[in-house]
Amino acid sequence: MSILLLAFIGGIVSAVSTSVGSLLAPLFSKFETLRKYHMSMDFALGVMLSAVAFSLVGPELMKGHHLKLIFSGLVSGGLFILFTHKLISYFNRDEKYNSYKTLLVAALIFHNLPEGMGAGASLAGMNLNEAIPLQMAISIQNVAEGLLLTMLLQGLGLSLFWSVLGGIISGLIEMSGAVFAGFLLQDTVTLLPFLLALAGGAMMMSVLLEVHESISLGKHLKAKDFLGGMLVIPLTNFLMG
């Protein structure tokens with residue numbers, strides 16, 4: 001199977017899982033407060049760090065290979081999310097919309113591009129026994145994120161239809177990232193550590209910014225949900241034996 005096709009499959013898995021989360025939103029329409037949003041978000045944050053530590057970056061760091069590529073990928077992914085965060089903050093400085101909700105929506109949408117690149121690159125360039133747990137973790141996270149994004153869009157005043165459509169479109173952004181990664185890997189597989197680290201850097205910065213915003217609002221991570229997310233990849237690796 002070609003590298004591009006494998007990356008495309010990874011992108012489809014990501015897009016579908018995000019769409020599933022969005023389509024579940026009507027069942028959770030009663031959860032309309034930021035306090036309830038964190039039930040989903042804290043778990044997703046844990047899954048992100050689990051993916052970074054146990055699949056995207058950690059294994060390559062342990063090998064001690066491609067350290068320059070890994071470092072540059074981490075920095076690039078982190079700076080991309082930080083830049084988009086600052087950009088959204090600037091355009092929303094008059095707080096026409098709820099500032100926290102707007103920033104969280106932006107973080108969820110924009111980190112999908114490098115995350116999709118990681119999903120596509122992992123399936124196209126890693127061994128299946130390494131790639132499948134990561135695909136499962138990203139899919140689980142995407143369901144939570146798709147649900148959360150749709151609920152947030154509703155909270156900003158969009159109708160249920162347009163909110164669900166927005167969640168589905170965010171999944172398509174992730175798929176486009178996966179396909180782009182496939183095109184890059186067709187030329188040289190040596191880019192794999194960089195692409196994986198790029199996704200890792202974007203996820204880490206997303207987690208840091210979300211935690212910072214939560215603390216500034218006087219909210220705290222729910223340890224149970226966060227640790228549950230952190231266990232996703234280790235538990236999947238254990239079950240796959």
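User: What makes the space of about 260 Å³ a pocket?
Analyst: A pocket is an open set of points on a 1 Å grid over the protein atoms alone, with protein on both sides within 12 Å along at least five of seven lines. The largest pocket holds about 260 Å³, a volume being the space filled by probe spheres set on the points. This is a predicted model, where local features need pLDDT of at least 70, side-chain atom pairs count only at pLDDT 80 or more, and totals for linings use all residues. Residues are numbered from 1 along each chain, and side-chain values use heavy atoms, without hydrogens and water.

User: Which residues lie nearest the centre of the largest pocket?
Analyst: Pro59, Glu60, Lys63, Met126 and Glu130, out of 17 lining residues. A lining residue has an atom within 4 Å of a point.

User: Why is methionine 1 called exposed?
Analyst: Its relative accessible area is 71%. Exposed means over 50% (buried is under 20%, partly exposed in between; 1.4 Å probe, protein chains only). So methionine 1 is exposed.

User: What is methionine 1 in contact with, leaving aside neighbours within four places in sequence?
Analyst: Leu6 and Ile9. Contact means heavy atoms within 4.5 Å.

User: Why is the pair of phenylalanine 161 and tryptophan 162 called edge-to-face?
Analyst: The centres lie 5.2 Å apart, with 80° between the planes. Rings of Phe, Tyr and Trp (its six-membered ring) pair if their centres lie within 6.5 Å; planes under 30 degrees apart count as stacked, over 60 as edge-to-face, the rest as tilted. So the pair is edge-to-face.

User: How do you know that phenylalanine 161 is exposed?
Analyst: Phenylalanine 161 has 56% relative accessibility, so it counts as exposed.

Key. 1 Å grid on protein atoms, 1.4 Å probe; cavity = no way out; pocket = protein on both sides within 12 Å on 5 of 7 lines; lining within 4 Å.
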